[in-house]
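Okay, everyone, thanks for coming. Let me put today's structure up on the screen, and then we'll walk through it together.

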Amino acid sequence: MRRLRRVKKIKNEKITINLTPTEVGQIDYLVERGLYTNRSDFIRLAIRKQTESHTGDINRFLAPEMPETERLRYFGGLGFMRLTHAYVESLITFGAKVHISVLGALTIDKAITREQLSQVMAGCKVYGKIFAEEEIKQLIKETAL
């Protein structure tokens, strides 16, 4: 019988913003009229609209121009990314380096050691959350792009 692996539930991040009484009043009016479920719904949709207006900038981060080197690779994306031990092992086998660029969450398998990651990582930048061992997180901070 095969056991299912439990997936860690990722919690939403809480942020604090300062708004004027006029801005809060406008949001509350729109919520009361039923155009939005609540203040958070309005703010999330406003943020989504703003990030969509910057799609070009975000795409440049997600697909950076890389030097013309056949052994240099790119790993990243938007959302939830997982760096697996098998992928790192294949990079080591081929002697390749990887640039890691993530907007969202990056999970790094616990089986990956600091030495293995430092051997294959050319640079790393994560905007969001990193799920990894502390020594791996420290290495990422040291090699930030």
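Let's start with a quick one: is Phe75 buried or exposed? Phe75 is buried, because its relative accessible area is 12%, and the cut-off for buried is under 20%. Keep in mind that what you're looking at is a predicted model.

Now, the aromatics. We've got three aromatic pairs in this structure. Take Tyr36 and Phe42: the ring centres sit 5.0 Å apart and the planes are at 85 degrees, so that pair is edge-to-face. Tyr36 is partly exposed, by the way, at 24% relative accessible area.

Back to Phe75, which pairs with Tyr87. Here the centres are 5.7 Å apart and the planes are at 35 degrees, so we call this pair tilted. This pair links distant parts of the chain: Phe75 belongs to strand β1, residues 72-83, while Tyr87 belongs to helix α4, residues 85-94, and the two are twelve residues apart. And Tyr87 is partly exposed, with a relative accessible area of 23%.

Okay, on to the core. The largest nonpolar core has 22 residues, and the ones touching the most other members are Leu83, Ile100, Leu106, Ile108 and Leu117. Who supplies it? At least two residues each come from β1, α4, β2, α5, β3 and α6, with β2 giving the largest share, five residues.

Let's zoom in on Leu83. Skipping neighbours within four places in sequence, Leu83 has contacts that include Phe75, Val88, Ile100, Leu106, Ile108 and Leu117.

How values were computed
Residues numbered from 1 in each chain as written. Predicted model: local features only at pLDDT ≥ 70, side-chain atom pairs only at ≥ 80, totals over all residues. Heavy atoms only, no water. Phe/Tyr/Trp six-rings, centres within 6.5 Å; stacked < 30°, edge-to-face > 60°. Buried < 20%, exposed > 50% of the residue type's maximum accessible area, 1.4 Å probe, protein only. Helix = DSSP H or I, 4+ residues; strand = E, 2+ residues; numbered from the N terminus. Core = buried A, V, L, I, M, F, W, Y, C linked by side-chain atoms within 4.5 Å. Contact = heavy atoms within 4.5 Å.
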